[in-house]
Amino acid sequence: MSIQFIRRGILVIVIGCVVQTMLSSFWFTDRPGYKKLKFPYKAAGLSPEVAAAHLLSRFTFGATPGQIDQVVQEGLENWFLKQLEAKYPDDSLRMMLRQYDALYLSNTQIVDMYPRGGREVRMAIKDGVLNKDSVDKQTDKKAYKVIVDQYMKDRGLKPQQELYKQFISQKILRAAYSENQLQEVMTSFWFNHFNVAMVKNDCAEFIPNYERDIIRPRSLAKFEDLLVSTAKSPAMLYYLDNFSSAVATDTTKKDWKGNPQKQKQLQGLNENYAREVMELHTLGVDGGYSQADVTEAAKVLTGWTVYPMGDFDNMDNARQKISADSSKNPGWVHEGDFLFNPRRHDMTQKVVLGHIFYAGGGYEEGLELFHILSHHPSTARFICREIAIRFANDTPATSLVEKMTKTFVQSDGDIRAVLITLVSSPEFWSPQAIQEKIKSPFELAISSVRSLNVHIDDPNALNNWIGRMGEKIYNYQAPTGFPDKGLYWINTGSLLNRMNFGLAFAGGRIQGITVDLLSLNNRHEPESAAAALEIYGRLLIPLSDALQMQKRLSPLLNDPALAQKVSAAASSKIISENGAGNSDSLRQASIAMTQQRTKQNNTMLAQVVGILIGSPEFQRR
Amino acid sequence: MATRRGFIKGSGLALIGVGLAGGIPAFAMKAALWKKKIGPYKKTQTLVCIFQRGAMDGLMAVTPFTDNNLMVARPNLFMTAAAGLAGGNAPLIDLDGRFGLHPMFKGFEPLFRDGRLAIVHGIGSPNNTRSHFDAQDYMESGTPFNKGTSSGWLNRAAGLIPSEQKTPFQAVSLTSALPRSFYGDTPCIAISNLQDFALQLRGNPMSIKSASTSFEDLYDQTTPGLLQQAGKESFDAIKLLKQSDIKNYQPANQAVYPSTALGNALKQIAQLIKMDVGLEVAFAEHGGWDTHFNQGTATGIFANNAADLSNSITAFWTDLGSYQDEVVVMTMTEFGRTVHQNGTGGTDHGRASCNFILGNKVRGGKVHGNVLALAVENLEEGRDLAVTTDFRSVFSEVADNHLGINDDHVLFPDWAGSRIGVMKKPD
């Protein structure tokens with residue numbers, strides 16, 4: 001095999017074609033009998049409204065005002081099939097995202113534009129802008145920083161934090177406003193399944209495009225395609241160290257470029273990825289593999305690494321050497337950011353899960369391995385169980401998992417087919433599923449935004465709250481991803497943060513978001529706390545028994561004694577502030593009291609909504 | 001669950017609320033009569049556990065430096081105890097002529113010489129999994145061959161402590177999420193920052209009161225289960241913490257905590273201990289030990305982690321002052337790392353590691369356990385430091401001795417091994 005150089009432009013087209021083919025090859029509406037698709041919610045005793053609310057609670061980040069009725073009108077099945085297509089144009093979201101220029105960069109552009117590890121300083125020294133001695137002595141840090149900042153500006157370089165800020169902002173905006181909600185939900189699901197984390201410096205800068213190019217376009221495609229694509233992505237190659245894994249060599253040897261090896265370049269086997277790909281991405285820990293399988297799989301994947309990118313250090317040199325070597329020697333594979341380096345590959349015979357990889361193989365061995373893994377019965381069951389946990393409940397019925405597993409196997413790992421089986425199963429509509437999932441902090445925050453039509457100008461402060469509640473997105477260190485179970489999210493500290501989030505959110509105390517509660521009620525102020533509870537309770541907690549909630553809360557909010565005490569406390573404060581005595585100050589006091597009352601009503605409204613968001617019912621979905 | 005309405009409401013409003021919703025339930029009446037005093041509690045014995053996530057390389061932390069096999073297996077990672085041979089780097093701290101402490105653990109040396117700090121080497125799990133997730137899961141559940149165990153060993157420990165006082169701060173994890181060790185039936189809490197531990201309400205006092213009462217009622221009356229239980233625990237804890245000045249805490253004895261996640265966690269544990277809120281089991285985490293790549297030696301990734309761990313623990317110990325008698329600190333990690341260095345300047349997942357135990361009741365000044373010569377025939381699966389001490393042996397001895405637990409069948413079901421004498425015999 002000679003080198004397969006594929007230019008970026010061509011690559012994009014190729015990927016585009018692949019996605020297109022995937023869409024048309026499985027297209028549910030083309031299938032005979034698809035019109036018979038009928039979700040069995042009636043048999044479960046659910047009204048279309050309740051069923052729609054349940055469906056939306058699982059396959060969106062929260063129902064927007066009026067959405068439940070729309071879905072009932074459209075038909076639950078039709079809505080779901082449309083969401084599986086994920087073809088809504090999302091024009092307004094695109095407009096919102098235009099402010100974030102980093103979202104459209106390639107990995108190479110990111111590497112060049114967002115230097116890390118002090119590269120900007122080395123560049124400034126090389127360009128004679130900075131004096132090396134002054135850097136070493138760090139005499140005047142402030143002046144030094146000014147020079148570096150100016151240098152970065154002049155060269156069009158930007159700090160990495162800016163990249164991550166933009167990336168996280170777009171995720172929040174997509175989750176809140178994308179019309180292709182199911183695709184966005186599945187993007188979160190698969191990202192967490194194939195978790196990578198920004199806490200690992202080497203992989204952080206590649207995470208934005210990992211989600212954009214690898215996960216999102218395949219979130220409703222075939223599992224094998226997802227698996228192979230994640231394996232070849234720089235984010236995963238760096239996160240689980242496979243980029244460095246190579247056939248063991250003598251440490252005294254020179255490297256393939258002919259240079260003596262430095263500590264950093266020492267070649268050898270690293271089995272981190274090989275282990276996690278079996279344990280976490282495919283078979284599951286009880287999926288029937290041994291330590292020997294892990295080591296052998298690691299050997300199969302030696303040489304799977306990242307193509308040198310960027311215009312710094314000796315990257316160009318490295319690229320030229322690869323080009324020269326590959327024109328003479330077979331086995332190299334270069335696709336986009338991925339590089340298979342045959343010189344780092346272990347050519348001996350390997351055996352993984354009883355399958356023999358004969359000596360002398362190359363890149364195709366890895367593909368074969370992923371084919372075996374993605375078609376292993378343990379994988380089908382493991383993936384389907386995880387999907388069932390995400391969408392049905394934390395302990396899904398075996399019967400449900402078995403049905404989904406069967407579909408997974410029969411459809412060659414088609415994620416859309418598996419989801420259809422899930423939603424067509426009575427288990428999905430059973431009391432064991434309805435309102436049984438606990439929202440993650442991200443889900444809590446985004447569902448608050450969606451339920452109340454909240455406008456987000458700047459998602460940063462909202463993101464900080466999500467982190468404080470226990471979900472620092474893109475930063476879960478372990479390859480497991482966040483555990484998807486209520487017990488992980490709910491504990492004393494996090495629950496309190498959730499209540500405080502509700503109060504801050506409704507009270508307009510989170511920067512960058514605008515909550516306009518009155519607009520949801522035709523600009524009318526609710527007449528009483530009970531009325532407010534009814535109006536906003538319906539929006540936020542459509543599935544819960546509003547009457548019961550009202551019973552629990554309204555006595556407190558409507559207690560005449562409480563109202564009296566509140567206004568008494570307020571007026572005594574005003575009178576004392578204005579100095580009671582003459583009629584003029586009394587008149588002023590009464591004006592002030594009216595203003596105070598309006599303010600009080602707004603506070604009351606925000607408080608009712610804040611309590612609703614912090615209530616146990618809103619933590620469920 | 002509904003009958004466990006532990007706290008009497010501060011305000012009568014809540015009871016009116018319940019009353020209007022359909023008569024005061026009998027349990028609420030009962031609760032109203034049972035007025036419990038909120039702290040201060042009697043001084044308690046506290047066990048502080050620190051989980052080093054990622055698997056610490058025990059052979060670098062406490063190196064059997066006289067073993068030639070190790071030198072051969074780790075041409076780039078082996079460190080020496082001889083200053084003259086360390087090439088300008090800090091050498092290992094020679095503990096007993098055989099084991100050398102990594103130089104960045106230098107804060108531990110006086111505690112070791114003083115007989116307060118013990119090391120157990122060759123400690124690990126009987127289950128030979130090399131998956132972080134699994135090994136942590138097994139170690140934290142305390143049942144190395146049973147994935148189905150729903151509770152964590154520290155939660156069971158908290159439940160077994162024979163104390164008459166029950167407080168919301170009996171078991172506290174200084175983490176944003178509840179660790180696996182704390183899963184279970186005994187109420188435990190996770191707090192990442194004590195200062196945030198209050199309802200952040202605005203407005204006049206009356207509306208603040210009504211909001212907080214509303215939350216409390218909603219959680220109290222929701223379907224029994226996770227949310228109801230966590231809600232109750234939250235409100236109990238808020239009330240207790242309100243009674244102290246957390247913001248302006250000054251460590252005692254000029255202790256200086258590193259401004260790291262671990263340093264902050266231990267500082268807050270010290271605060272809780274000194275507040276006498278009844279803390280008996282505390283938990284903190286320390287990440288970054290998964291050194292597959294460029295592990296370093298006297299400096300580098302491992303060294304930085306070691307410095308953080310040792311500086312945080314010694315600051316904590318200094319800060320405790322007269323409370324030292326009541327506290328034992330124990331570190332743990334899911335497994336050790338390969339004897340051989342890998343091809344990328346690091347080490348891969350292995351088997352046994354070592355741990356540190358600090359306290360006045362500890363038989364310190366000694367490297368306990370059994371580390372065989374690292375010849376290939378002595379290694380597990382020919383590659384890893386063999387597990388010669390079951391972690392349950394050490395954990396149970398420490399917990400039993402320090403916390404007065406005497407039911408190991410509950411603490412570590414299906415374990416019946418013997419002790420290695422890491423704690424002094426109780427008086």
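Predicted model: local features only at pLDDT ≥ 70, side-chain atom pairs only at ≥ 80, totals over all residues.

Me: What makes the contact of D484(A) with K437(A) a salt bridge?

Reply: The closest N and O atoms of K437(A) and D484(A) are 3.0 Å apart. The cut-off for a Lys or Arg nitrogen and an Asp or Glu carboxyl oxygen is within 4 Å, so the pair counts as a salt bridge. The two residues sit in distant parts of the chain, 47 residues apart: K437(A) in the loop between α22 and α23 of chain A, and D484(A) in the loop between α24 and α25 of chain A.

Me: How do you know which class E211(A) and R216(A) belong to?

Reply: E211(A) is at 1% relative accessibility and R216(A) at 7%. The limit for buried is under 20%, so both count as buried. E211(A) and R216(A) also form a salt bridge, with the closest N and O atoms 3.2 Å apart.

Me: What makes K145(A) and D149(A) a pair about one turn of the helix apart?

Reply: K145(A) and D149(A) both lie in helix α9 of chain A, residues 141-155, and are 4 residues apart. Their side chains meet at 3.0 Å, N to O, and a salt bridge needs within 4 Å. D149(A) is at 37% relative accessibility, so D149(A) counts as partly exposed.

Me: Why is α11(A) called mostly covered?

Reply: In α11(A), 11 of the 13 residues are buried. Among them are L182(A), V185(A), M186(A), F189(A), W190(A) and F191(A). The helix runs over residues 181-193 and reaches 18 Å from its first C-alpha to its last, close to the 18 Å expected at 1.5 Å a residue.

Me: How do you know where A461(A) and Q511(A) stand relative to each other?

Reply: A461(A) and Q511(A) are 50 residues apart in sequence, yet their C-alpha atoms are 5.7 Å apart in space. A461(A) is found in helix α24 of chain A. Leaving aside neighbours within four places in sequence, A461(A) is in contact with I510(A) and Q511(A); contact here means heavy atoms within 4.5 Å.

Me: How many residues make the contact of chain B and chain A, and what area is buried between them?

Reply: The contact takes 63 residues from chain B and 60 residues from chain A. About 5400 Å² is buried between the two chains, 62% of it on carbon and sulfur atoms. The interface also has 8 residue pairs in polar contact, both residues at pLDDT 80 or more. On the side of chain B that touches chain A, α8(B) gives the most, with 11 residues. By class, that side has 27 nonpolar, 25 polar and 11 charged residues.

Notes: Residues numbered from 1 in each chain as written. Chains lettered and ligands numbered in written order. Heavy atoms only, no water. Buried area = accessible area lost by both parts, 1.4 Å probe. Polar contact = N/O pair within 3.5 Å; in protein donor to acceptor, adjacent residues only side chain to side chain. Nonpolar A, V, L, I, M, F, W, Y, C, P; charged D, E, K, R; others polar. Expected span 1.5 Å × (residues − 1). Buried < 20%, exposed > 50% of the residue type's maximum accessible area, 1.4 Å probe, protein only.
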